[in-house]
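My plan was to look up a few spots and jot down what turned up.

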Amino acid sequence: MTNDRKFRLSKTGWVFLVSSFLGVALNIALLFWHYTVSVQEKLDQFNTQVTANPDFDSQMAYRDSSVFIDTILSIVQNYYVDESRVNNNFLLKQTFRSLALRPDIQLSEDGDVFSLKVAGRALRGKFSSYMNYHRLVSMLSAAATLIDQSIERSPGNTSGDVLVLNALLTGLDAHSALLLPDAYRELRQGTEGAFGGLGVLVGVRQNILTVIKPLARSPAKRAGIIRRDKILSINGVRTYGLTLDQLVEHMRGEPGTSVSLKIMREGGWAPVMMPLKREVIMVDSVTSETYDYGNHKFLHLIIENFSSRTGIEVRHALERFRNQRGQEIAGVVLDLRSNPGGLLDQAVAVADIFLKSGVIVSTKGRRSEVESASDQIDESGFPLVVLINSDSASASEIVAGALQDHGGAVIVGQPSFGKGSVQTIFELPGSQALKLTIARYYTPLGRSIQNVGIMPDVWLQPVVESDQNSNLMGNFRYRNERFLKNRLEAVTDRSRLLEDSHSRSLLKGFYLVGKDHDEFSDNRLNDHELKAAGMILDSVRNAYGVDLSQSGFRAQNWLAIAKPTLRNFILNLGKKVKKWAKKSHGVVWRTFDKIQNNIDKIDIRTPKNLAKVSVTGGRSLDIPWQVVNRSGRSIQRLSVFINSHEHAIETTELLVGEIAPKSKKRGVLKLVVPPSSDVSTFNIRLGVAVDAVPSGKFSDNIEVTVTPAAPAKIDAVAKLTQEVGGTVPGVLETGEKAVILLNIGNSSDVSYEKLDAKFVN
């Protein structure tokens, strides 16, 4: 069983260049590998065919696709979490519609009649609620054959049956996938704490691969790679516009092999080439340090991900801290911020360390499982605070949810990612695997966090001090589970999301951070979540001393003790936000006062003539919006945002602030389209958020067609004129004065804006 979040791509969060599936696990204890006879027979049949083929990899496109498709389809229909989503007709529709997202495949539908076209050839048929299994296999196999016959194949291209099966799986949810050998190898290595690569932590920023930090004693560190370096190409492959998963594929390789990176550094005149050699990188998943607050020294435990030794590493860190101090631990901050998840058994092991007994997590799919705390380890004799943010996912959410439900920790930060599904790995012949969603997981109190996340007890939301009112609460706020394409539906009523967040978050507020405050900086002086954790731990220790028995080891008691101090802290932070928002952007952003129960009375609209728009790649598009408050009360702390499933389209969010009763507000959101994209047409929609929580209200979809930008044809020539004091014409000598004349020419048919030119010594 695996429990993973794919880095999303998203904010992504942080991922290792050498691991595209960090946070994916092979948890054999909960593996649903109880095949029916029919499924096992199909696996055996497929295995026999592969074994009989001595050149399996190169002959992939020419094997009998129906055997491969039949094998995968049997597993899907026997084990997928939602039985209603794997009926024959639904699978065929979802598969063909997913295939049609490719620019070289078209699908037309007329009622139940469909036509799947590839390079002038067509597969025609009918969608039918009475479609049987054998008909489904036949249609999918025919589509695979059509693709193989119509799309020119070259080394490295994916075969038709693989394209069809991945279309089927991505049509089910965002986490199921067919893993080819390289991807499966990465998945396994990502959970073992050791891998072959360069040892650098990265993220995609403005569609360019950007270094977050190099790891200690790594090839990247020795080569001189530093924070914020832009990786423009990997072995000649441009990184612009590619996803992290695609980029990782180019970084992978055997230890000892070479990689050439083109690096652009801030302030640099031109990119430089850096040759590196891959090595085996050993990574600990847990970092521990002492955090001083008040008169106490607390243990700050940072878990990067849940790999094979995380539970042991946490126990060792606790033992070292206790031995170094020669006394009991005063308190612990368990930092799960930007932790994408990992092995479920290690999440259970970590939660077990801090819980005496009770359920840790339960999973429900075609069958149910329950994981409970054991009585072998008990580290609950001190107050505990858990830090989370929007990139804390999967296994991180299991730990936070278990400790929250049992009252074993106060949760501080922002709502987590909301990945409440469980994946398992089915190994296939040829070093391939099927990653399939087989269950939802639930916290001890039975809460499903799918698309919702863990709501913190103390919600502190950063606001960036930018001179532009754009993405002030973060660039990637709408890339979480709830906004993934074909996401698994939540079990929670979405209309109650905002109200539930308030009732769960006993304290909530906003604070300002500088423009450079992101994962690229290590400045803990402005780490307000960590400060809040210190306040809680310090307040508890001051109230109870060494003996915590009177507190009942209950988080709500700890929070009640710290509440007056925390409230003043949050109010002071909020006053600064309020003052800055008004002065900088004319936005009325009030401090928190009461729960807003009238969000169902707010709507967001776009002009009807904007159903279809076009834009040239590299340009921006203004999208008018109108927000209507139909209630009789004002609504505070409002924002509007653009959202799209297309990964290259980044979130754009605008702070609106207050909207009066029975009134409207209008404005414009700017949609930025990258110069190059694999997708020529995509949909966007506008949403509205209140108190930093999306309300669930969206505008109608707007279809955006992108016209490729013409290639840049800019040339520049610089020469010295009016030289005074030199001896060699055309050379700027020491002590010489001259004027540098710069001529810039544009030989293309396109005008360019905001061109920058600079001279670097």
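Here are my notes, kept in the order I looked things up.

**Entry 1: what I am looking at**
I reminded myself that this is a predicted model. I counted residues from 1 along the chain, as the sequence is written.

**Entry 2: a helix pair**
I began with helix 3 (residues 88-99) and helix 4 (residues 133-150), whose axes come within 9 Å and cross at roughly 15°. Angles under 35 degrees count as roughly parallel, and helix 3 and helix 4 are therefore roughly parallel to each other. I also checked the hand, and helix 3 passes helix 4 in a left-handed crossing.

Which residues of helix 3 and helix 4 make the contact? On the side of helix 3 I listed Asn88, Leu91, Leu92, Thr95, Phe96 and Leu99. Helix 4 brings Tyr133, Leu136, Met139, Leu140, Ala143 and Ile147. I sorted the residues of this contact by type and got 10 nonpolar, two polar and no charged. The spacing in such lists makes sense to me, because an α-helix has 3.6 residues a turn, so residues three or four places apart point the same way.

I then looked at one pairing in detail. Strand 3 (residues 113-118) and strand 4 are joined in the antiparallel sense over six bridges. Ser115 has Arg124 in strand 4 as its bridge partner.

Strand 27 (residues 620-629) pairs with strand 30 in the antiparallel sense over 10 bridges. Asp622 stands opposite Lys670 in strand 30.

**Entry 3: positive phi values**
Next I went looking for positive phi. Arg228 has phi near 70°, a positive value in a residue other than glycine. I located Arg228 in the loop between helix 7 (219-223) and strand 9 (230-234). Is Arg228 buried or partly exposed? Its relative accessibility is 22%, so Arg228 counts as partly exposed.

Ser338 has phi near 60°, again positive in a residue other than glycine. Ser338 belongs to the loop between strand 16 (332-335) and helix 10 (344-354). Its relative accessibility is 13%, so Ser338 counts as buried; the cut-off for buried is under 20%.

**Entry 4: an enclosed helix**
I finished at helix 11 (residues 395-405), where 11 of the 11 residues are buried, so this helix is largely enclosed by the rest of the structure. Among the buried residues I noted Glu397, Gln404 and Asp405, as well as Ile398, Val399 and Leu403. Just after helix 11, Gly407 takes a positive phi of about 70°.

Note on methods
Predicted model: local features only at pLDDT ≥ 70, side-chain atom pairs only at ≥ 80, totals over all residues. Heavy atoms only, no water. Axes fitted to C-alpha atoms, helices over the stretch in contact; angles between N-to-C directions. Helix = DSSP H or I, 4+ residues; strand = E, 2+ residues; numbered from the N terminus. Parallel < 35°, antiparallel > 145°, perpendicular 65-115°, else oblique. Left-handed = near helix turned anticlockwise from the far one by under 90°. Contact = heavy atoms within 4.5 Å. Nonpolar A, V, L, I, M, F, W, Y, C, P; charged D, E, K, R; others polar. Pairing = 2+ DSSP bridges. Buried < 20%, exposed > 50% of the residue type's maximum accessible area, 1.4 Å probe, protein only.
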